[in-house]
Amino acid sequence: MADTDDPEKKRRRVVELTEKMVLDGGFEDGVEWDGRWNHVRRFLERSGPFTHPDFEASTESLQFLLETSRILVIGAGGLGCELLKDLALSGFHNIHVVDMDTIDVSNLNRQFLFRPKDVGRPKADVAADFINNRIPGCCVVPHFKKIQDFDETFYRQFHIIVCGLDSIIARRWMNGMLLSFLVYEDGVLDQSSVIPLIDGGTEGFKGNARVILPGMTACIDCTLELYPPQINFPMCTIASMPRLPEHCIEYVRILLWPKESPFGDGVCLDGDDPEHIQWVYQRSLERAAEFSITGVTYRLTQGVVKRIIPAVASTNAVIAAACATEVFKIATSAYVPLNNYMVFNDVDGLYTYTFEAEQKENCSACSQVPLDLHFSPASKLQEVLDYLIESASLQMKSPAITATVEGKNKTLYLQSVASIEQRTRPNLSKTLRDLGLTNGQELAVADVTTPQTMLFRLSFTS
């Protein structure tokens, strides 16, 4: 058998060559070596049949990638780990990453930047350390915070923002922040105020990647109907009228666990502790039997407790690669970017499809005029609140409604502050007429799904 057919000899040969490169100074102070960026130069220093019509080959594009471009990655989970690796190896050296989570044992099977010793540490910190230590010259700056903890000054410093999130609320908030940067002169968008947003998402063997140019293409809220609704069960259903196995599990998780404290006072439910899950599982079975409900399993119990979204490492890799490619296209202007939505599915075979999602004229986030709310003067404020929450195109979570009544700014309802919620709750049962609202009245609505207050206009129906 030839030496080249022996895997162990191949491995040793690679190690020898690497050691030789280091000893010979090929890394040049641990940063560069001859030919390191040849694969990138092939795209940037020569033209080709697929390059952008306005592209001019030069050496400056590579320098922009290595030294000037600033990329923000939001999320350091399954997608985020892949994104950081892909971007760093593509020549992006100035990267920031934001993530509010810590590493859990269940992350280790697919979030490959983490090790068992890292459990409990912030994902952003560990991911940044791994990339910085592994890829010479790369500087990843971690932020163990929520995206809402930063102001617009922080976000304005980046050329491109990439999202690897599992939260629609966080996507919408980021979308709203970038839309707030847009500058219009005589109704014409100043394109220098646009910061591109690349968004990726996965669920099991399905995924999508999209390119959003705020103010120019469809935004997150324009296509809100494409996202599956995130399920939250009403407390009244959980407590008194369970119909699904999930209702029984939520009953045990939310009500029984703190009441019975099965593992001692103050011990929080740990989704990775088999004893905890087993206790919840047994109590859920008892609850289900009481209401003749079937379908409670150990696996389902763990999924409900941990809010598990099915994740497959290969899907994350494909979608992250697609997103990183779009970042490269936009940063270098070498190729025409995705226009503007790509779906991926390998549940049964392999299927991809690209289409152009169009801007909605009445999008609550990116349209330039207040949206009309059609209600009768006799409608109650509760009906308006329900519409803001249940509408497929709005899907708000806890809207706060204010209006200018008789020259004074008046809070009609606010849920997030207990004292104000109690004071404004009676308004929900009042009619719009009784609240002093008139036809054409503007309502200002704030919600966790956006950093900006949205304006709506009442349009009374007969």
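This is a predicted model: local features need pLDDT of at least 70, side-chain atom pairs count only at pLDDT 80 or more; totals for chains, interfaces and linings use all residues.

Tutor: Axes here are lines fitted to C-alpha atoms, for helices over the stretch in contact, and angles run from 0 to 180 degrees between N-to-C directions. Helices (H or I, at least four residues) and strands (E, at least two) are DSSP runs, numbered from the N terminus. Residues are numbered from 1 along each chain as its sequence is written, and side-chain values use heavy atoms, without hydrogens or water.

Start with helix H11, residues 274-290. Its axis and that of helix H12, residues 298-306, come within 9 Å. They cross at roughly 110°. From H11, the contact (heavy atoms within 4.5 Å) uses Pro274, Ile277, Gln278, Val280 and Tyr281. H12 answers with Tyr298, Thr301, Gln302 and Val305.

Now turn to helix H10, residues 245-260. The axes of H10 and H11 come within 9 Å and cross at roughly 115°. H10 brings Cys248, Ile249, Tyr251, Val252, Leu256, Trp257 and Glu260 to this contact. H11 meets them with His276, Trp279, Val280, Arg283, Ser284, Arg287 and Ala288. Val280 is listed in the contact with H12 and in the contact with H10.

Next, the sheets. One is open and has 8 strands, ordered E3-E2-E1-E4-E7-E8-E9-E10, with mixed pairing. Two strands count as paired if DSSP finds at least two bridges between them. E3 (139-143) and E10 (351-355) stand at the edges; each has a single partner strand, so one side of each is left without a neighbour in the sheet. From one strand to the next, the twist averages 15°. Inside this sheet, E4 (residues 160-164) runs parallel to E7 (residues 197-203), joined by 4 bridges. Val162 stands opposite Ile198 in E7. A helix sits here too: H8, residues 168-179, packs on the sheet and touches E1 (71-74), E4 and E7. The direction of H8 makes about 170° with that of E7.

The other sheet described here is open as well, with 5 strands in the order E11-E15-E14-E12-E13 and mixed pairing. Strands E11 (371-375) and E13 (408-413) are its edges; each has a single partner strand, so one side of each lacks a neighbour in the sheet. The twist averages 35° from one strand to the next. E11 and E15 (residues 454-460) run parallel, with 5 bridges. Asp372 stands opposite Arg457 in E15. E14 also joins E15, by 4 bridges, but these two run antiparallel. Helix H14 (residues 381-390) lies across E11, E12 (400-405), E13, E14 (442-446) and E15. H14 runs at about 135° to E11.

Last, check the confidence. The protein averages a pLDDT of 87, and 91% of the residues score at least 70. Residues 20-30 stay under 50. For that stretch, the model has 12 contacts beyond four places in sequence.

Terms used. pLDDT is the predictor's confidence in each residue, from 0 to 100.
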